[in-house]
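Work through the exercises below with the sequence and the model open. Each task is followed by a solution in steps.

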Amino acid sequence: MSKKIVLMAFMAIVMLVSFSVNAMAYDSILFPYFTSGGSGDLTFIQIINTSALTAPATQGNLHYIYVYNSGTEVCQHADQNGKTSRNDIMLFEATNSTPGVTGQLLPGDTTSTSYILNTKPAWGYLTVTHGTGYGAGLEGELRGQAIVVNTSAGTAYSYNAINDPTEVDSGNLEFDDNVDDHTFLSFLPTSYASTVWFMFPIDGTDLADVAGPAGLVLNSTSEVGHHPYHADADGVYDNNENLYSYTKYFPVGCWNEGFDPSTGSSTGAPAPMTANFFYTPAQLIPLTHYNTVKNSGGWMGKYDWDYSYTYKITSSSILGKTMSTMVYEPNATAYLSYTR
């Protein structure tokens, strides 16, 4: 499939997307995963803004914050404003990597400017929030969707941006109310598909905070020992309900002190700021158990010391060509099984 065909099909799909509204307070949205500019990777970001400025003006700002990697595991931060109007719809590629097209991608769009990352390749997360001049009472006024494309493999998958239902101003981007601290992870036999989980950690920390080197929740030395995650103490179940019991600790997200995976605590020594967002079953399951369940498929629990969003990316060539899907893994609490 050519890049041109993939992009044309994507543009047609985007125009059919609809969004739900959640009306409460001030508004911000989170795109927990993007990848762009490397080996055919493209991420298209669509945003709809339905709010108007409180002062009489035709345009206002949306504030964009990227936290990302680019060729290394070191977290980087970039933020800037972009222009928007009431009832505006905008579409852009995260790093301007669309072949032959740059900037706003909707034909004839003269009212939008979005902050596009000028570094590639890059992968990480993006938050978007109303800038100054909008006032309060605007919860649910921003909607978003990302479509992640790989033009080399000819694959695409999409997800809705996550809304924060409790923020009170443009400076507090806290998304933890939508998630539980216990997630179910499921995987297919390795002969069917490869599986990787993208884990995005959340606590009450402001994701817009740029005081730290990355602005992510795990960048404070005062919080070391509070944020390691671990695979559930029950262990992993295979497809015949056999339990292989274990507990295995691992760090998620930006981390700036040494971490002991055997205890799930800090070593007290400085370490590079790394971004361990992706994990495979082989990394979450002890080798002896993994060699047993990799041929059967199975499921396990993941317990977060605070909260996280977990997306499963499954890739398979079982039907003759490589295809990928991305799905939000459900939380253990029934009413939080899906983001709102």
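Accessible areas here come from the Shrake-Rupley method with a 1.4 Å probe. The model is a predicted one.

**Exercise 1. Overall figures**

Task: State the accessible surface of the chain and the share that belongs to carbon and sulfur atoms. Then give the share of residues that count as buried and the numbers of helices and strands.

Solution. 
- Step 1. The accessible surface of the chain is about 14200 Å², and carbon and sulfur atoms account for 55% of that area.
- Step 2. The chain has 340 residues, of which 52% count as buried.
- Step 3. The chain contains three helices and 20 strands.
- Step 4. Take the contacts between residues at least 6 apart in sequence: 71% of these join residues at least 24 apart.

**Exercise 2. The nonpolar cores**

Task: In the largest nonpolar core, which residues touch the most other members? Which strand supplies the largest share of this core?

Solution. 
- Step 1. The largest nonpolar core has 42 residues, and those touching the most other members are Phe31, Ile47, Tyr64, Tyr66 and Tyr309.
- Step 2. Strand 3 (residues 60-69) gives this core its largest share, six residues.
- Step 3. A second core is separate and has 14 residues, among them Phe187, Tyr246, Ile285 and Val293.
- Step 4. Return to Phe31 and set aside its neighbours within four places in sequence. The contacts of Phe31 then include Ile45, Gln46 and Ile47, as well as Tyr125, Leu126 and Val128. Gly144, Gln145, Ala146, Tyr159 and Ala161 are also in contact with Phe31.

**Exercise 3. Strand 18**

Task: Is strand 18 mostly covered or mostly uncovered, and how many bridges pair it with strand 10?

Solution. 
- Step 1. Strand 18 (residues 298-304) has seven residues, five of them buried, so it is mostly covered.
- Step 2. Strand 10 (residues 182-187) pairs with strand 18 over six bridges in the antiparallel sense.
- Step 3. Within this pairing, Met300 of strand 18 is the bridge partner of Leu185.

**Exercise 4. Aromatic pairs**

Task: How many aromatic pairs does a search of the whole structure find? Classify the pair Phe34 and Tyr66 as stacked, tilted or edge-to-face.

Solution. 
- Step 1. The search finds 12 aromatic pairs.
- Step 2. For Phe34 and Tyr66, the ring centres are 5.6 Å apart and the planes stand at 85°. Planes over 60 degrees apart count as edge-to-face, so this pair is edge-to-face.
- Step 3. Phe34 belongs to strand 1 (residues 28-36) and Tyr66 to strand 3, so the pair ties together parts 32 residues apart in sequence. Phe34 and Tyr66 are both buried.
- Step 4. Tyr311 and Tyr328 make another edge-to-face pair, with 5.5 Å centre to centre and 65° between the planes. Tyr311 is in strand 19 (residues 307-316) and Tyr328 in strand 20 (residues 323-328), 17 residues apart.
- Step 5. The cut-off for buried is under 20% relative accessible area. Tyr311, at 3%, is therefore buried, and Tyr328, at 10%, also counts as buried.
- Step 6. Ring pairs join Tyr311 and Tyr328 with Tyr159 and Tyr309 in a cluster.

**Exercise 5. Leu284**

Task: Is Leu284 buried or exposed, and how far apart in space are Leu284 and Trp197?

Solution. 
- Step 1. Leu284 lies in helix 2 (residues 281-284).
- Step 2. Its relative accessibility is 1%, so Leu284 counts as buried.
- Step 3. Leu284 and Trp197 are 87 residues apart in sequence, with a C-alpha to C-alpha distance of 10.0 Å.

Methods: Residues are numbered from 1 along each chain as its sequence is written. This is a predicted model: local features need pLDDT of at least 70, side-chain atom pairs count only at pLDDT 80 or more; totals for chains, interfaces and linings use all residues. Side-chain values use heavy atoms; hydrogens and water are left out. A nonpolar core is a set of buried Ala, Val, Leu, Ile, Met, Phe, Trp, Tyr and Cys residues joined through side-chain atoms within 4.5 Å. Buried means under 20% relative accessible area, exposed over 50%, partly exposed in between (1.4 Å probe, protein chains only). Helices (H or I, at least four residues) and strands (E, at least two) are DSSP runs, numbered from the N terminus. Contact means heavy atoms within 4.5 Å. Two strands pair if DSSP finds at least two bridges between them. Rings of Phe, Tyr and Trp (its six-membered ring) pair if their centres lie within 6.5 Å; planes under 30 degrees apart count as stacked, over 60 as edge-to-face and the rest as tilted.
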